[in-house]
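Biologist: I would like to go through this structure with you before our meeting. Could you take my questions one at a time?

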Amino acid sequence: MLDTSARLLRLLSLLQTPRAWPGSELAERLGVSGRTVRNDIDRLRELGYPVDAARGAGGGYRLGAGAAMPPLLLDDEEAVAVTIALRTAARGAVPGTEETSLRALAKLEQVLPSRLRRRVRTLQAYTVAVPADRPAPAVSADVLTALVSACRDRERLRFDYPDHAGSPTRRVVEPHRAVNWGRRWYLVAWDVEREDWRTFRVDRIRPRTPTGPRFAPREVPGGDFAAYVSGRVSGAAWRHHARVTVRARATAVIERINPAVGTVEAIDADSCTLVTGADTVQTLAVHLGMLDFDFDVTGPAELVAHLRRLAGRYSRSTPAPQ
């Protein structure tokens, strides 16, 4: 009986990987006959595990979705990763999931082996999260789930969304990705009426049902959803913008910035244009100073004036050479 139980657990662990398992391969992995594999599959089904079987060259056994969530088998690294993720969620990463995250966390920690429980508790004891300087916008777990489901199923979405002036608008989009950046979630989607890519703050989206027809996926500009969001969101939020000529190769400047700071356009082999911005001219001047390259600035006037004040301050702060 012990051998049979251990074999069933091993079989279940294999079936929980996202692939189809031919019966012959399962028999080889478990060291049993094909008949024993079929009997064990029947036992798992009797226990409530929905094991699907498909014939043909690409067929085999696969664990399917059932009416209830079956027990999962996690290896050591997976168990630690899930525990850490649940702790993060319990702190309010997505408002509305704190209580359910705590319940799941309690169940998981109860069955963790002592060696893993010690690792998790060490991580908890010796890591500290700095509270955000401002509260994060509240994101509904139901809305976020609805958005990513539409992304997965490639279904058009209709939702209400306030424009820059705060007036309500009705949007019809083809959703592609939900992107988490800092304290906020963004939806990257193709706006059907505007025929262009757009980013939407998830906390401002009010979905309408039902969802629309299916659509064919598109390629986001640059091929990177995270880079697209960081570039669009940061640029839209800037109060001050500047085009700066940097006396350095474009590749060298790109290595020192990230998409949230700006974009780089090559001029020639030894110079480039940095399109950048910030909430304040003081922050903008700090970004430019950290490049550690010579640069030319012609505007905006507030930035030019601030850089001149800094130049004078730095000059007065150092003694004249003897």
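Biologist: To begin, how many disulfides does a search of the whole structure find?

Modeller: The search finds zero disulfides. Please note that this is a predicted model.

Biologist: Is Cys272 buried or exposed? And what about Cys151?

Modeller: Cys272 has a relative accessible area of 0%, so it is buried. Cys151 counts as buried too, because its relative accessibility is 13% and the limit is under 20%.

Biologist: What does the protein hold in terms of helices and strands?

Modeller: There are 11 helices and 11 strands. The protein has 322 residues, of which 34% are buried. Among contacts with a separation of 6 or more, 54% are between residues 24 or more positions apart.

Biologist: Turning to the largest nonpolar core, which residues touch the most other members?

Modeller: That core has 19 residues, and those touching the most other members are Val246, Val253, Leu274, Leu288, Leu291 and Leu303. At least two residues of the core come from each of β8 (240-246), α9 (250-254), β10 (271-278), α10 (281-291) and α11 (301-317).

Biologist: Which element gives the largest share?

Modeller: That is α10, with five residues of the core.

Biologist: And what does Leu274 touch?

Modeller: Not counting residues up to four places away in sequence, Leu274 touches Ala242, Arg243, Val244, Val246, Ile257, Gly262, Thr263, Val264, Leu288 and Leu291. There is also a second, separate core of 16 residues, including Leu8, Leu11, Ile41 and Leu44.

Biologist: Let us change topic to aromatics. How many aromatic pairs does the structure hold?

Modeller: It holds four aromatic pairs. In one of them, the ring centres of Phe159 and Phe200 are 5.2 Å apart and the planes stand at 80 degrees, so the pair is edge-to-face.

Biologist: Where do Phe159 and Phe200 lie?

Modeller: Phe159 is in strand β3 (residues 157-162) and Phe200 is in strand β6 (residues 196-201), so the pair ties together parts that are 41 residues apart in sequence. Phe159 counts as buried, at 1% relative accessibility, and Phe200 counts as buried at 1% as well.

Biologist: How are the rings of Tyr161 and Phe200 arranged?

Modeller: Their centres are 5.1 Å apart with the planes at 85 degrees, so this pair is edge-to-face. Tyr161 lies in strand β3 and Phe200 in strand β6, so here the parts tied together are 39 residues apart in sequence. Tyr161 is buried, with a relative accessible area of 10%. Phe159, Tyr161 and Phe200 form one aromatic cluster.

Biologist: Which ring does the charged end of Arg218 sit over?

Modeller: It sits over the ring of Trp190, 4.1 Å from the centre. Elsewhere, Arg19 lies over the face of Trp21, at 3.8 Å from the ring centre.

Biologist: Staying with Arg218, which side chain reaches its backbone nitrogen?

Modeller: The side chain of His176 does, at 2.9 Å. A polar atom of that His176 side chain also lies 3.0 Å from the backbone oxygen of Glu174. His176 belongs to strand β4 (residues 168-181) and is buried, with a relative accessible area of 5%.

Biologist: What else is His176 in contact with?

Modeller: Leaving aside neighbours within four places in sequence, the contacts of His176 are Cys151, Val188, Ala189, Trp190, Trp197, Phe215, Pro217, Arg218 and Phe225.

Biologist: Now for the backbone. Where does Pro210 lie, and what is the peptide bond from Thr209 to Pro210?

Modeller: Pro210 lies in the loop between β7 (206-208) and α8 (225-237). The bond from Thr209 is cis, with omega near 0 degrees. The peptide bond from Gly299 to Pro300 is cis, also with omega near 0 degrees, and Pro300 lies in the loop between β11 (295-296) and α11.

Biologist: What is phi of Glu195? And is Glu195 buried or exposed?

Modeller: Phi of Glu195 is near 50 degrees, a positive value in a residue other than glycine. Glu195 is in the loop between β5 (184-191) and β6 and is exposed, with a relative accessible area of 60%.

Biologist: And what of Asp292?

Modeller: Asp292 is not a glycine, yet has a positive phi of about 65 degrees. Its place is in the loop between α10 and β11. Asp292 is exposed, at a relative accessible area of 61%.

Note on methods: Residues are numbered from 1 along each chain as its sequence is written. This is a predicted model: local features need pLDDT of at least 70, side-chain atom pairs count only at pLDDT 80 or more; totals for chains, interfaces and linings use all residues. Side-chain values use heavy atoms; hydrogens and water are left out. A nonpolar core is a set of buried Ala, Val, Leu, Ile, Met, Phe, Trp, Tyr and Cys residues joined through side-chain atoms within 4.5 Å. Buried means under 20% relative accessible area, exposed over 50%, partly exposed in between (1.4 Å probe, protein chains only). Helices (H or I, at least four residues) and strands (E, at least two) are DSSP runs, numbered from the N terminus. Contact means heavy atoms within 4.5 Å. Rings of Phe, Tyr and Trp (its six-membered ring) pair if their centres lie within 6.5 Å; planes under 30 degrees apart count as stacked, over 60 as edge-to-face and the rest as tilted. A charge sits over a ring if NZ of Lys or CZ of Arg is within 6 Å of the ring centre and within 35 degrees of the ring normal. A disulfide is a pair of cysteine sulfur atoms within 2.5 Å. A polar contact is a pair of N or O atoms within 3.5 Å; within protein, one must be able to donate a hydrogen and the other to accept it, and residues adjacent in sequence count only if both atoms are side-chain atoms.
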